Amino acid sequence: MALPKVLVLVLAGGKGSRLELLTETRAKPAVPFAGVYRLVDFPLSNCEHSGIADVWVSVQYQPQSLSEHLANGRPWDLDRTTGGLMMLPPFQGSERGGFTEGTADGLWRQAELIRQHAPDALVVVSSDAVYKLDYREVVDAHLASDAEVTMVTTEVERDDAARYGIVQVDDEGRVTDYAYKPDEPATTTATNEVFVFSPTATLDRLEALAATVGEDGLEDLGNHLLPAQTKDGLARAYPLQGYWRDVGTVESYWQAHQDFLLPDPPIDLDERSWPVHTRGGRHSAARVLAGGNVDGSLVSGGTRVAGTVRGSVLSPGVVVEEGATVVDSVLLPGVHVRAGATVTRAVLADGVVVGERATVGGDGDITLVGRSATVPDGGEVPAGGRLPEPESGR
């Protein structure tokens, strides 16, 4: 019996403004993670290990940062003669051309292309979370049900629940209520931005909704589409068993790195049966020089450490000079921390230079330094600070 035809649509077009300086010059899915990976590597690796070869990536904001990383899809076995990886940039030339105004709007704009492909199931995923999931298992559960949509769910902290779509689920797994980013969440069961749709029924519904909402627009999946499917009793939940963390804010991005510094990290990124793949770079082995001290950290290739590093993640090409100290921080590619400087509870974007005897961060909120910024010798960026400072009203 032939496997059902599955199409995965990776939504990678969002600006990711909650990541602030980290997404000023790149798309959120292209943000580095755990030293050598990018956020988009997680859904693409899930596709690879789920045996799904038809993967479309919808891009919009800073697409060159993502296109360069994805190339022809080879790291995820998506460089196929038939099928494989396809990029979906904004387009003109039809009534559905232009920039998307949300995830549901983007799905509506690609509806004709999806109908032509004629999949049995449409998997729509975001690319701003860290997790492992066999999408085919979710597809099989969906196709065995009477659902129009199956929502993959996870449990979140109560004080964080208002950032997500929140559901109530009955004993049979049917979603009985859906609320998009509610002010007062009724539960802590959240959708984790992985959805399996019945393509024809869903696209037909989108057409009807588009005619109804008019100029207000379809917006995100959670604004009109998912509530309508839930109201009609056609939504089911698929609980994710295992680790999932949204990394759409500076604080959650930093915390996810701390999770992977634990002695027993929540996901084994090198698990032989399910490794997370990425586009490889050419870097020499990491060098810990005489007097260098590294404890409880992830150190990527091409780094050079002569100072002290504790509880931190060093991306390729990072240099920590003699007498410098880096604690509980995430340093992206090419960061240079000069002699005598101190970096504490901070995220430093690509190419940042921290001058001699400078101080970045401290106890308190996470500090963020933007791409290629320089902290002068003896300078200070306080705990929770931003460099450069955001424009007023931003």
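Helices (H or I, at least four residues) and strands (E, at least two) are DSSP runs, numbered from the N terminus. This is a predicted model: local features need pLDDT of at least 70, side-chain atom pairs count only at pLDDT 80 or more, and totals for chains, interfaces and linings use all residues. Residues are numbered from 1 along each chain as its sequence is written, and side-chain values use heavy atoms, with hydrogens and water left out.

**Stop 1: helix α6**

Select residues 199–213. This is α6, a helix of 15 residues. From first C-alpha to last it reaches 21 Å, close to the 21 Å expected at 1.5 Å a residue. The expected span is 1.5 Å times one less than the number of residues.

Now colour Pro199, Thr202, Leu203, Arg205, Leu206, Leu209 and Val213; these residues of α6 are buried. Buried means under 20% relative accessible area, exposed over 50%, partly exposed in between (1.4 Å probe, protein chains only). The arc is taken from the directions from the helix axis to the C-beta atoms. An α-helix has 3.6 residues a turn, so residues three or four places apart point the same way.

Turn to the face away from the buried side. Thr200, Ala211 and Thr212 are exposed there. Then show what covers the buried residues: α3 (103–109), α4 (111–117), β6, β11 and α7 (225–231) are included. Finish at Gly214, which follows α6 and has a positive phi, near 60°.

**Stop 2: helix α2**

Select α2 (63–70). Ser65, Leu66, His69 and Leu70 are buried here. Seen down the axis of α2, they fall within an arc of 120°, so they line one face of the helix. Their cover includes β1, β3 (37–38), α1, β4 and β5 (84–88). Just after α2, Ala71 takes a positive phi of about 50°.

**Stop 3: the cores**

A nonpolar core is a set of buried Ala, Val, Leu, Ile, Met, Phe, Trp, Tyr and Cys residues joined through side-chain atoms within 4.5 Å. Select Val8, Val55, Val57, Val123, Leu133 and Tyr135. They have the most contacts inside the largest nonpolar core, which has 37 residues. Elements that each supply at least two of its residues include α1 (41–49), β4 (54–59) and α5 (135–143). The largest share, four residues, comes from β1.

Zoom in on Val8. What does Val8 touch, not counting residues up to four places away in sequence? Its partners are Cys47, Ile52, Asp54, Val55, Trp56, Val123, Val125 and Tyr135. Contact means heavy atoms within 4.5 Å. Apart from this core lies another, of 29 residues, among them Trp108, Phe197, Leu218 and Leu225.

**Stop 4: aromatic rings**

Select Phe33, Tyr37, Phe42, Tyr243, Tyr253 and Phe260. They form one aromatic cluster. Rings of Phe, Tyr and Trp (its six-membered ring) pair if their centres lie within 6.5 Å; planes under 30 degrees apart count as stacked, over 60 as edge-to-face and the rest as tilted. By this rule the count comes to seven aromatic pairs. In one of them, Tyr243 and Phe260 have ring centres 5.8 Å apart and planes at 90°, so the pair is edge-to-face. Tyr243 lies in the loop between β12 (235–239) and β13 (244–246), and Phe260 in the loop between α8 (250–259) and β14 (287–288), so the pair ties together parts that are 17 residues apart in sequence. Both Tyr243 and Phe260 are buried.

**Stop 5: a hairpin**

Strands β9 (165–169) and β10 (175–180) pair in the antiparallel sense over five bridges. Two strands pair if DSSP finds at least two bridges between them. Val167 has Tyr178 as its bridge partner in β10. Five residues lie between the strands, and Gly173 takes a positive phi near 90° in this hairpin.

**Stop 6**

Show six strands in the order β15-β18-β21-β24-β27-β30: an open sheet with parallel pairing. β15 (293–295) and β30 (380–381) stand at the edges, each with a single partner strand, so one side of each is left without a neighbour in the sheet. Three bridges join β15 to β18 (308–310). Asp295 stands opposite Arg310 in β18.

Stay in this sheet and pick Thr344, in strand β24 (342–344). Buried or exposed? At 16% relative accessibility, Thr344 counts as buried. Beyond residues up to four places away in sequence, Thr344 touches Val327, Ser329, Val360, Gly361 and Gly362.

Next, show β14-β17-β20-β23-β26-β29, an open sheet of six strands in parallel pairing. Its edge strands are β14 and β29 (374–375), each pairing on one side only. End at Val305, which stands opposite Val320 in β20.
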